Amino acid sequence: MSCDTRPNKKNGWLDPCEDPCFEPSAYQDIALHRTHTMVSFIGSRGTGKTSAMLTVLRQLQTLQCSKESGASLQPLASKSFICLEPIDAGILQSGEDIIAIVLARMFNYLQQSTNGNNLHARYQEELRGLYREFDKLYQNLCRLRKGGGHFMEGESALRELQTLASSHSTAREFKNLVSHLLTYIKTLNGCEKDQYLVVALDDIDMYGEDTSQNCYTLLEEIFDYFSFPGIIVLTTYNENLLKRNCSNHLRGKFFEGKKSSDCTPPEQKEVKTLVQQFLEKLVLEEYRIYMPILARVDVSNQTGMSVRFDKTKEPELYTMFKDCTVQENEIIVPVKKFLLRIIADRTNVYFDSRGQKRHFFEPYNMRELSVFWRMLEALEDPTDKDSAGREKAYANNRSKLFSYTINPFASEKLDEGESEYLYRLSQQPLERQKRELIDDIKRRCNNPENSKEAQTFLQGRWQHNYGELLHCLYYATRLQENGMSKELIYCILSSYSFILNQLYYSPDFKTGGESRAKFSQFIGSSIAGVWTNNMLPKFHMNVELVKNDYETESIGSDSIGDINLAAWAFFNFEIDSEIAYRLFAYSPDEKKNVSLAENHNVRDFLQAFELLGMFFSNMPKGGFKFTVEETPPEEEKSVTEWEKEKRFVLKSEQSQEIHFNALNFAINCIDVKSYFDCASEMLTEIVKQIIIAFGLSSYYTVSSNKQQASHAEPSAEKAMGKKLYSTRSALDLMSKAQCEKTMREEADKIAEKVMSAFQQYSLRNEFEIWAEEGSLPLPLQNFDMIYNMIKRLANTNYYGNNFPEIVGENEVFEAFQQLYQSIGSQLADQDKFYNEENTHSTVTFEAIYKNCPFYKHFVERPSPQMKKIFIELVKAMTRGQNKANAAKM
């Protein structure tokens with residue numbers, strides 16, 4: 001009789017250890033027949049290990065052999081899997097045995113499979129046999145855990161010896177039980193598929209805390225009990241934590257429980273090698289599944305994590321993201337775009353979208369994304385509400401996200417000290433918060449250990465404005481000593497974004513109420529501060545500054561983006577004599593009346609004055625007191641000839657410091673009415689001074705040369721000219737003081753008529769109409785967006801302006817235009833990211849900005865007169881800077 005030497009094949013897989021008579025050496029070296037059955041999902045907390053494992057488990061449970069299965073799933077579709085309920089090893093209490101838990105779940109599965117079935121006698125007998133195997137295995141497992149050597153009185157030690165359990169024999173019994181269970185289930189269900197038992201263990205790196213039960217002993221048991229054909233073990237763990245806990249176990253076993261820091265380098269190396277070899281024995285490299293790093297992968301030009309959703313099930317989200325990638329019914333959206341658009345849709349707050357690095361709201365793992373999304377999903381949906389209801393929903397949602405920033409977000413990102421710092425700061429009034437932040441960062445910068453750049457940053461006069469705060473926040477994370485964490489700056493950027501939007505969208509903002517007052521106070525005198533100097537080239541004027549009678553010094557190049565000087569340093573330049581005359585409709589050349597409405601030079605002068613005034617802040621109430629000095633001709637001439645050649649110089653007598661900044665137009669647009677009221681007062685004073693200068697100079701000329709005057713006076717044919725003529729005729733009989741008083745009184749009357757005529761030229765109405773759409777040309781309320789925009793603009797290479805280092809008179813105006821165009825491009829990029837046509841907003845950032853009359857008249861259609869006056873203004877403030885610098889020497 002021949003003996004079949006082929007191994008038996010049951011349940012579709014070879015079992016070389018089934019019969020000891022068949023292969024006597026099999027149990028002598030059982031390790032030879034072990035298989036690698038452990039599949040690991042590896043990653044740090046929140047990276048989606050558990051979700052991935054459960055997805056695989058669910059797929060195995062529901063997988064069917066069908067033509068619809070993908071080609072990659074066909075091998076699995078020909079199998080059948082018994083998936084036990086997952087076990088969370090991290091929450092098991094001390095003394096709980098994972099092998100016993102697995103055994104219990106196998107038994108429960110067997111009971112559920114046989115309950116209610118009218119089993120054939122053959123199946124009942126096999127079932128009873130399985131019950132006996134479960135009973136015996138559990139008894140032996142309990143004996144193994146308790147250990148031998150403890151006998152009841154009268155109990156024979158030999159009887160105990162017969163049933164002595166070892167880890168080897170218990171593992172063999174467990175393997176046999178699994179084999180019989182799978183075979184029974186296959187037969188019971190009449191299934192032709194090969195059966196596999198799937199055990200899922202979550203967070204095995206967190207298992208146990210003592211020397212008898214820890215993740216190392218758990219891995220040993222997985223190897224002893226589960227490394228056989230027919231078993232699949234799915235596990236999740238943090239590899240670094242697993243290795244550390246295994247190292248702790250081995251040091252306790254071989255090096256008397258030394259801490260890692262107490263071990264010698266050779267001992268540390270030995271422990272590390274043992275752990276590495278142990279893990280390599282348990283888990284093959286190809287069975288290790290590492291969770292993806294969700295940060296941006298610059299090397300492969302990827303954008304990290306994406307969100308997928310079914311457009312048929314999420315119509316609202318589809319409307320918001322229909323510009324994104326579509327695959328059949330699925331919309332695929334990068335997480336950054338997904339979250340920031342949702343925040344904008346729920347709160348009307350827009351965060352910066354153009355950063356190359358990760359935005360601080362982007363999650364680092366799946367768990368963070370899940371938690372943050374649940375919080376956003378709970379916000380009130382403003383869709384389908386009327387205007388009032390929508391604004392109320394926005395306000396409520398902004399309050400919730402502000403609270404989220406100050407509490408859970410800060411608690412997660414900040415250490416205890418910074419968390420308390422932020423909370424304490426948030427309890428103070430808004431203006432005090434800003435001042436304390438600026439002063440605190442200044443103190444941190446004032447440290448010898450910090451860079452020279454940080455020391456230079458402290459120079460100059462501080463005004464505690466919006467721009468200085470932005471600049472301070474930039475330096476706060478770049479200090480070598482006592483700096484702030486980036487996470488703290490993120491919290492500040494987020495919190496101010498929500499606070500400023502609350503003020504901006506308050507009902508009383510447009511009416512000039514308390515909200516606008518607080519908002520304007522927070523903005524202060526500048527939105528970019530000295531950073532603006534980095535946005536523009538330096539200006540060079542080819543003149544010399546006289547230091548004394550014997551020495552001259554060539555004027556170098558000067559910054560023109562942000563300047564603080566006395567008023568007289570800015571307003572000291574000539575006015576076109578034709579404009580000066582026609583401001584009150586007088587023409588020494590033409591013996592006819594010229595209508596003010598037809599005088600384009602006057603119109604351009606007025607509009608240029610209104611526009612260029614927007615570069616200034618810190619204007620005192622009531623404006624400035626100006627004087628207009630005439631420059632006399634070099635030789636004796638007739639009155640008519642003299643008046644033709646007069647050159648009027650606009651000068652301010654005030655020494656009060658005012659602030660010029662290339663971006664100050666954004667501040668003056670916050671309250672258009674107040675700005676134009678102030679501009680009108682200043683212009684009225686200028687008109688009066690020009691009238692007085694014209695009238696008095698003419699009188700003094702007439703007094704010295706009456707014959708020439710008698711021929712000159714009748715040429716004044718217009719109403720205001722006649723008024724001046726009659727006034728001057730009366731001046732011959734007055735003293736100089738009386739003459740000046742009379743001329744001032746008459747100048748007031750004429751100026752009133754002139755200013756009334758000016759109304760048709762003023763840009764005020766155009767600005768007020770634009771302000772109805774949005775009173776901020778730049779979205780200053782979106783603090784995070786503006787911070788990053790200003791930072792990029794200060795790096796001129798970022799937006800490719802390719803400015804030369806120095807420009808002259810012919811290029812300076814175009815340099816300012818190019819800066820404003822670059823701002824428009826950045827705003828257009830933000831609009832593109834947020835896809836504004838799909839939101840509740842009716843206008844975009846770019847549209848609001850480019851529809852602003854300042855942009856239209858300065859960039860799109862500037863008048864020659866404005867360009868000329870602007871260049872004179874830049875030259876005047878350059879002379880003022882050099883005089884101020886010379887005075888300090």
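Predicted model: local features only at pLDDT ≥ 70, side-chain atom pairs only at ≥ 80, totals over all residues.
User: Why is Gln817 called buried?

Analyst: Happy to go through it. Gln817 has a relative accessible area of 12%, and buried means under 20%, so Gln817 is buried. This residue sits in helix H31, residues 809–834. Leaving out residues up to four places away in sequence, Gln817 touches Phe858, Val859 and Pro862.

User: And what makes Met614 count as buried?

Analyst: Met614 has 0% relative accessibility, and the cut-off for buried is under 20%, so Met614 counts as buried. Met614 is found in the loop between helix H22 (600–612) and strand E17 (616–617). Beyond its neighbours within four places in sequence, Met614 is in contact with Asn664, Phe665, Asn668, Cys669, Tyr675, Phe676, Phe767 and Phe854.

User: Why are H11 and H12 called roughly parallel?

Analyst: Good one to check by angle. The axes of helix H11 (residues 335–347) and helix H12 (residues 366–377) cross at roughly 20° and come within 11 Å. Angles under 35 degrees count as roughly parallel, which makes H11 roughly parallel to H12. Their crossing is left-handed. On the H11 side the contact is made by Val335, Phe338, Leu339, Ile342, Ile343 and Arg346, and on the H12 side by Leu369, Phe372, Trp373 and Leu376. Sorted by class, that contact has 9 nonpolar, no polar and 1 charged residues.

User: How do you know that H17 and H30 are roughly perpendicular?

Analyst: Again the angle decides. The axes of helix H17 (residues 466–476) and helix H30 (residues 783–794) cross at roughly 75° and come within 10 Å. The range 65 to 115 counts as roughly perpendicular, and therefore H17 and H30 are roughly perpendicular to each other. Where they meet, H17 brings Tyr466, Leu469, Leu470, Leu473 and Tyr474, while H30 brings Phe783, Ile786, Tyr787, Ile790 and Lys791. These residues divide into 9 nonpolar, no polar and 1 charged.

User: What makes E9 and E10 edge strands?

Analyst: Look at the order of the sheet. It is an open sheet of 3 strands, E9-E11-E10, with antiparallel pairing. Strand E9 (306–310) and strand E10 (325–327) each have a single partner strand, so one side of each is left without a neighbour in the sheet. From one strand to the next, the twist averages 25°.

User: How do you know that E10 and E11 pair?

Analyst: By counting bridges. E10 and strand E11 (residues 330–334) run antiparallel and are joined by 3 bridges, and pairing takes at least two. One example is Val326, whose bridge partner in E11 is Ile331. Helix H11 packs on this sheet, touching E9 and E11, and its direction makes about 90° with that of E11.

User: Which strands stand at the edges of the sheet with E15, and why?

Analyst: That open sheet has 3 strands in the order E15-E20-E17, with antiparallel pairing. Strand E15 (562–566) and E17 stand at the edges because each has a single partner strand, so one side of each lacks a neighbour in the sheet.

User: What makes E17 and E20 a pair?

Analyst: E17 and strand E20 (residues 657–661) are joined over 2 bridges in the antiparallel sense, and at least two are needed. Within this pair, Phe616 stands opposite Phe660 in E20.

How values were computed. Residues numbered from 1 in each chain as written. Heavy atoms only, no water. Helix = DSSP H or I, 4+ residues; strand = E, 2+ residues; numbered from the N terminus. Buried < 20%, exposed > 50% of the residue type's maximum accessible area, 1.4 Å probe, protein only. Contact = heavy atoms within 4.5 Å. Axes fitted to C-alpha atoms, helices over the stretch in contact; angles between N-to-C directions. Parallel < 35°, antiparallel > 145°, perpendicular 65-115°, else oblique. Left-handed = near helix turned anticlockwise from the far one by under 90°. Nonpolar A, V, L, I, M, F, W, Y, C, P; charged D, E, K, R; others polar.
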